[in-house]
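Please keep the sequence and the structure in view while reading.

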Amino acid sequence: MPKPKTSQKQPIKASKFTPTKKKQIFQTSTDPESEDEVEEADSSEDEVLPKITLTERKGDLFAAPPNTLLVHACNCVGSWNAGIALAFQKNYPQAYAVYQAHCASRTPNSLLSTCLIIPPQSGAQYRHWIACLFTSRKYGRGKDSKEAILDSTDSALQDMLEQFEELKKKPKGVWMCKINSGSFKVPWMQTKKLIEALTFKGGLHIEIVDPK
Ligand SMILES: Nc1ncnc2c1ncn2[C@@H]1O[C@H](COP(=O)(O)OP(=O)(O)OC[C@H]2O[C@H](OP(=O)(O)O)[C@H](O)[C@@H]2O)[C@@H](O)[C@H]1O
């Protein structure tokens, strides 16, 4: 027997109910029944949101199951020409075209600290989502300082999580390489610490996969 509805209250628009919130307010549930509960929980200033959890293991990022979101760090000039980015270019040519077009239509400054989520492309060899975190304006010698890269990574990850929340059809899991730790030369432990400080409503697990 379906449970009779007991609540008489009308749904309250989030904009009215939660005027100022930090970015770390994410919800993974797509269950419409849970919307009232979510809005009530949002109203609490003291609400403790679950931290993002990470596990690290040796492996190949591209061995992720279909519909996984693969996360990597990118420059803002439209180039995936070295490191794991080059492997992304080879494995996902259609996604590379999307990334290039995105970069070509924006300035590096406007891209920095944001994230581009590319859904699986039709006809592609691998059915993966790709998250491009714009963590440095340029690459090589022109890359940003370590401090600037960490700062941009923090904002780009928050942007990724906001977009993740908005997706109607979500990726099945999230895998990430040790972003920034190769060409961008930021010690992995510093990026890791930053990711572990992020929260996501409903919780989120990220699997860190590295070949070494
Ligand atoms: N199959 C695989 N599975 C899992 N992990 C894998 C892997 N293959 C390599 N890795 C690891 O992936 C991490 C990141 O190392 P990367 O150097 O690639 O990236 P990054 O985030 O420091 O920097 C980004 C900029 O590097 C490039 O440009 P440039 O070089 O500057 O021209 C780009 O275009 C960007 O702009 C390191 O831990 C590698 O061991």
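How many bridges join strand 2 to strand 5, and do these strands run parallel or antiparallel? Strand 2 and strand 5 run parallel and are joined by 4 bridges. The structure discussed here is a predicted model.

## Overall composition

The chain contains 7 helices and 6 strands. Read from the N terminus, its elements follow the order α-α-β-β-α-α-α-β-β-α-β-α-β.

Of the 212 residues in the chain, 30% are buried. Among contacts between residues at least 6 apart in sequence, 74% link residues at least 24 apart.

An open sheet is formed by 6 strands, arranged in the order 1-6-5-2-4-3, and the pairing is mixed. Strand 1 (53-58) and strand 3 lie at the edges, each pairing on one side only. From one strand to the next, the twist averages 25°.

Strands of a sheet pair through backbone hydrogen bonds, in either a parallel or an antiparallel manner. Within the pairing of strand 2 with strand 5, which run parallel, leucine 70 stands opposite tryptophan 175 in strand 5.

In soluble globular proteins, nonpolar side chains tend to be buried together. The largest nonpolar core of this model has 47 residues, of which Ile130, Ala131, Cys132, Leu133 and Phe134 touch the most other members. Several elements each supply at least two residues of this core, among them strand 2 (68-75), strand 4 (129-136), helix 6 (146-166) and strand 6 (205-210).

Leucine 133 illustrates these contacts. Leaving aside residues up to four places away in sequence, leucine 133 touches Val71, Ala73, Cys74, Cys115, Thr153, Ala156, Leu157, Met160 and Ile179.

## Helix 6 and helix 7

Two packed helices are described by the angle between their axes and the distance between the axes. The axes of helix 6 and helix 7 (residues 188-196) come within 10 Å and cross at roughly 35°. The crossing of helix 6 with helix 7 is right-handed.

On the helix 6 side, Leu150, Thr153, Asp154 and Leu157 take part in the contact, meeting Gln190, Thr191, Leu194 and Ile195 in helix 7. Sorted by class, this contact of helix 6 with helix 7 has 4 nonpolar, 3 polar and 1 charged residues.

## Leucine 204

Leucine 204 lies in the loop between helix 7 and strand 6. Why is leucine 204 described as buried? Leucine 204 is buried because 20 other C-beta atoms are within 10 Å. Leucine 204 and glycine 173 are separated by 31 residues in sequence, and their C-alpha atoms are 8.8 Å apart in space.

Key: Residues are numbered from 1 along each chain as its sequence is written. This is a predicted model: local features need pLDDT of at least 70, side-chain atom pairs count only at pLDDT 80 or more; totals for chains, interfaces and linings use all residues. A nonpolar core is a set of buried Ala, Val, Leu, Ile, Met, Phe, Trp, Tyr and Cys residues joined through C-beta atoms within 7 Å. A residue is buried if 20 or more other C-beta atoms lie within 10 Å of its own, exposed if 12 or fewer, and partly exposed in between; C-beta atoms are placed from the backbone. Two residues are in contact if their C-beta atoms, placed from the backbone, lie within 7 Å. Two strands pair if DSSP finds at least two bridges between them. Axes are lines fitted to C-alpha atoms, for helices over the stretch in contact, and angles run from 0 to 180 degrees between N-to-C directions. A crossing is left-handed if the near helix is turned anticlockwise from the far one by less than a right angle, and right-handed if clockwise. Ala, Val, Leu, Ile, Met, Phe, Trp, Tyr, Cys and Pro count as nonpolar, Asp, Glu, Lys and Arg as charged, and the others, Gly among them, as polar.
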